[in-house]
Amino acid sequence: MGTYIPHTDDEIEAMLAFLGLSSLEELFAVVPEAVKLQRSLELADGVGEPDVLDRMEALADRNRARTDRMVCFAGGGAYDHETPSVTRALAGRSEFVTSYTPYQPEVAQGVLQAVFEFQTMVARIAGLPVANASLYDGGSAAVEAVNLGVAASGRQTVWVSEGIHLHWRQMLATFAVGTGHVIRTIPLVDGVTAWPEIVDGEAPGVLMVGYPNYLGCLEDLGAVRSICDATGALMVVGADPLAAGLLRSAGSWGADVMVGEGQMFGTSLGFGGPYLGLFACSAAHVRRLPGRLVGETVDVEGRTAYVTTLRAREQDIRREKATSNVCTNQTLMAVTAAIQLGWLGTAGLVEVATRCARATRYARDAVLAVDGVTPWADAPVLREFAVRLPILADTVIERMGDEGFLAGISLEGAVDEGEHGLLIAVTERRTATQIDAYAAALAKAVA
Amino acid sequence: MPDETETTQPLIGAPGGKATSAPLLGRDTEPTIFELSHPGRRAWNFRTTQVPEVPVDELVPAVHRRQTPVELAEVSERDLVAHFTRLSHRQFSVDLGAYPLGSCTMKYNPKMCDTVAGLPGLAGVHPAAPASMTQGWLELMVEIEETLCEVTGMAAATLQPAAGAAGELTGLLLMRAWHEAQGAPRSKVIIPDSAHGTNPASVTLGGYDVVTVPSDDRGCIDMAALRSVLDEDVAGIMLTNPNTLGLFEEDIAEIAAALHQVGGLLYYDGANLNAILGVVRPGDMGFDIVHMNLHKTFATPHGGGGPGAGPVAVSERLVPFLPGPRPVRTGGGEYGWEMPPRSIGRVHTWHGNTLVLARALAYILANGGDGLKEIAQIAVLNANWIRQRLHHTFDVPFDRPCMHEVVLSTKTLKAEHGVRALDVAKRLLEEGFHAPTVYFPLIVEEALMIEPTETESPQTLEALASSLEKIAAEAVATGWLPMAEYPLGTPVRRVDEARAARTLIPTFDARN
């Protein structure tokens, strides 16, 4: 028997007898012989935990780019931030980890209240009144924002800034095939979006812009709002929720929807998942909100209670008329983010954003002092920046890897001539010593 | 003594965490973290970096700078721990007790997998790091892809979809791309009336129209009805097998042949894959596209509603259309990324819910091929034992051998005593068990859908069945009114859901 099955042979025999059967195979008599698997699965025999852990450790050991062995200067929506022991301990509590979607609110107040607190925190960061209980990741939140925006505006054309993460744009293109949305990429000029003139009859239904954008640059959101006012398009801002510690909120710029990647709040890099899709919107669009939403109410004794609400939007009730097919989301990461934001608090969010900005400034000065390395753009940056290298970025990343640095992300494919661009992120974990060593290694790598 | 009042009053009146277990004893609710906030209190601290402390004015242009900080809670680490610990005590979980939620496969999640997900060499890897520095991750992904293909009988898989619904939409886009490559995308997708709600929602997002076919009196697809809607505009069918009634679609070979005859594809919703591991494979049944829910079948924890992982496996002819880039072997024990030639594109920001994949691989390695088959056998044994044990107590709309789950109904109890499925579910909470899935599948009146999973012992099954019998007897003896009072001893009692929707309070700030 497998380790995780409690039944003894005697118990199995007794249960089969109760069913009038003599073997486990008979349970599958309804399966036609013609389709049954007539052999064992060609997989290795099961082994004990120590052997499994040895194997997984061996795989882990083949990853050179692990933050305990290589200093991380890569970002692009996935950041090497501090996660304190307290966040790990609380987020690892098995009541949060091993529960299902809160279908029975009487025994799910823990998750429901934690998500309610998460929604409040995200809404405050966004400067918008409503945030959902999470989506899969930043890219999936962007896809859902476009779906909402097209439905709300009634226009299928979407203008997406080239400063939106390349992978988000690729996802928008993938899913537009099913929905029929027309995605038009608006290029960056000197680091910020060069929005086109509006031609009569060709007004977009949605504008999407990053804040800061993929290159780390601060966009003119006032200009985006003006275009939306003139055209009736919805304004979707892909915001960095940690940078919001210093930056104006998306809502204060007039955004209708804010989406973002929430990995930075306590979730490990984990090679890209599971992460946390953030989604907040204005009150006007709450009935089109994708995914789950927790609301406060009372129980029969009048005690405060929490429950998933506006359920009539969701796929299990509306089926083919649902606004989204999202069912499972990333609740555990949302709870983790609530814990991490609880740890940071009002002053801590400002502090971490400030520390990132200072380290970024220090690193940018050091990197631009390297011969042959020039700024990609002159627009102001906050916690991430792009540079132009004299040789291919991929070559630099490989060489820097040998020196113990994950140098950043190549801009190949993201922007024109991106193969010579390097995107560098500097978090509050980076010390001046590390940054100095990084710049020295870069000088060697490009020489 | 006025002096004493002056010194103590402000403290009593101020907010802040009080570390007591009162909320656990049913005497109190837990305040939100915002109500525990006390100005100036803090938990955060950071590394000493020696980075120069440039004034913020020089870092952020004035036009972009926030005027006031984002107001979050201000609590001590001790308050933070007390708050979330108390919340965790108000939460049911698999670790605490049986969770027979039908179609959700809430089996025990081995702790070993938590260790795996926390390994620094897996958890600490940036997703944009090049292949040369992430060989372990690529090897892991190729290994689980090959494993899942062996389990499902398919040729290749994408690991990108983050959950079942994401897998469904990916599968439908694959279906669309395939048909487009044959000349026309077609316009309709068939789903049975017993299907999960995500199926029709995904079909719509995939740009298709839903055609629903009814179930017959055996609880399986009505073959005549299916044939009547088949034509060359049908792109495919989405099926769960065993279906959501827990019944195996015995005509599956015939269904597959009929679909393939009109050039349609078969999509397998893997929500119920646990029932058939090592017994029968979707690929051998004729399916072209299969999604799996690793958070069900392969024991990765569901996290209160996610994360999941929904890899999609396909037959040979669909491999060129898979999302990309894909992890592949490049020879000599090395691995790299490859974009399939006719890929539908990217469906995840990075490579999928990768740490969930690592957990699932560890689980499969521990169980091995034969262990997986045992999982299916015992899951089906447990469900049939429950069916046999309770079929005189509750209605069983389709009373024949089931697979991993059984659908009971309180139709008679409702007609004769006014007791609904919901009442039985809420009453069961009082007994210390999580409720079954209720009112699903939609085609069964007053449905109670029970999926015990293989990790619940015979003793737990006996206790669960005894509780359900006791509840049914109570319903007969006392009727609806007393039953409607339950649950009594849970952290909160029945919740006013109508009020939550009518007076929407989605944040703390919306309270007043």
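**A tour of chains A and B**

Begin by displaying both chains of this predicted model: 176 residues of chain A are in contact with 177 residues of chain B. Next, select residues 331-368 of chain A, which form helix 10. This helix supplies 23 residues to the side of chain A that touches chain B, the largest share from any element. Colouring that side of chain A by residue class gives 89 nonpolar, 51 polar and 36 charged residues.

**The domains of chain A**

Now colour chain A by its domain assignment. Domain 1 consists of two segments, 71-83 and 347-446, while domain 2 covers 86-339. Their centres, taken over C-alpha atoms, are separated by 27 Å. Where the two domains meet, 28 residues of domain 1 of chain A and 27 residues of domain 2 of chain A take part in the contact.

Which elements give two or more residues to the domain 1 side of this contact in chain A? They are helix 10 and strand 14 of chain A. Helix 10 of chain A contributes the largest share, six residues. The domain 1 side comprises 18 nonpolar, six polar and four charged residues.

Selecting strand 14 (residues 384-388) of chain A together with strand 13 of chain A shows an antiparallel pair held over two bridges. To inspect one residue pair, pick Pro375(A), whose bridge partner in strand 14 of chain A is Val387(A).

**The domains of chain B**

Finally, turn to chain B and select its assigned domains: domain 1 (2-88), domain 2 (112-123 + 130-367) and domain 3 (372-499). How far apart do the C-alpha centres of domain 2 and domain 3 of chain B lie, and what is the answer in Å? The distance is 30 Å. At their contact, 20 residues of domain 2 of chain B meet 16 residues of domain 3 of chain B. Colouring the domain 2 side by class shows nine nonpolar, nine polar and two charged residues.

Definitions and conventions
Residues numbered from 1 in each chain as written. Chains lettered and ligands numbered in written order. Predicted model: local features only at pLDDT ≥ 70, side-chain atom pairs only at ≥ 80, totals over all residues. Contact = placed C-beta atoms within 7 Å. Helix = DSSP H or I, 4+ residues; strand = E, 2+ residues; numbered from the N terminus. Nonpolar A, V, L, I, M, F, W, Y, C, P; charged D, E, K, R; others polar. Pairing = 2+ DSSP bridges. Domains from an automatic or database assignment.
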